[in-house]
Amino acid sequence: MAFYGFYVIAIVILVLHFTGWLKRNNLEWLVLVLAVATFPAVIFLK
């Protein structure tokens, strides 16, 4: 269940990134956190 929750959060972050919302609110670092968190999430949550 946590694996699917991670995917939902990842999709929301990517949509906000491509719409420019993250850049306007100085939250662009969330994309980097998502990139770093993807590998452990796939290994440990699956």
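This section describes the fold, the helix packing and selected residues of a predicted model.

Residues are numbered from 1 along each chain as its sequence is written. In this predicted model, local features need pLDDT of at least 70 and side-chain atom pairs count only at pLDDT 80 or more, while totals for chains, interfaces and linings use all residues; side-chain values use heavy atoms, with hydrogens and water left out.

The chain contains 3 helices and 0 strands. Helices (H or I, at least four residues) and strands (E, at least two) are DSSP runs, numbered from the N terminus. Along the sequence the pattern reads α-α-α. The C-alpha atoms fill a box of roughly 35 × 15 × 10 Å along the principal axes. Of the 46 residues, 20% count as buried. Buried means under 20% relative accessible area, exposed means over 50%, and partly exposed lies in between (1.4 Å probe, protein chains only). The accessible surface of the chain comes to about 3,700 Å². Carbon and sulfur atoms account for 78% of that surface. The areas come from the Shrake-Rupley method with a 1.4 Å probe; for residues, only the protein chains shown count as cover.

Two packed helices are described by the angle between their axes and the distance between the axes. Here, the axes of helix H1 (residues 2-19) and helix H3 (residues 29-45) come within 11 Å and cross at roughly 160 degrees. That makes H1 roughly antiparallel to H3. Axes are lines fitted to C-alpha atoms, for helices over the stretch in contact, and angles run from 0 to 180 degrees between N-to-C directions. Angles under 35 degrees count as roughly parallel, over 145 as roughly antiparallel, 65 to 115 as roughly perpendicular and the rest as oblique. The crossing of H1 and H3 is left-handed: the near helix is turned anticlockwise from the far one by less than a right angle, whereas clockwise would be right-handed.

On the H1 side, the residues that meet H3 are Ala2, Phe3, Phe6, Ala10, Ile13, Leu14 and His17. Their partners in H3 are Leu30, Val31, Leu34, Ala37, Thr38, Ala41, Val42 and Leu45. By class, this contact of H1 with H3 has 13 nonpolar, 2 polar and no charged residues. Contact means heavy atoms within 4.5 Å. Ala, Val, Leu, Ile, Met, Phe, Trp, Tyr, Cys and Pro count as nonpolar, Asp, Glu, Lys and Arg as charged, and the others, Gly among them, as polar.

Ala10 lies in H1. Ala10 is buried, at 11% relative accessible area. Its C-alpha atom is separated by 13 Å from that of Glu28, 18 residues apart along the chain. His17 is also found in H1 and counts as partly exposed, at 27% relative accessibility. Leaving aside neighbours within four places in sequence, His17 is in contact with Leu22, Glu28 and Val31.

Leu22 belongs to helix H2. Leu22 counts as buried, at 1% relative accessibility. With neighbours within four places again left aside, Leu22 is in contact with Ile13, Leu16, His17, Leu27, Glu28, Leu30 and Val31.

Most residues other than glycine have a negative phi. Asn26 is not a glycine, yet has a positive phi of about 55 degrees. Asn26 sits in the loop between helix H2 (21-24) and H3. Asn26 is exposed, with a relative accessible area of 64%.
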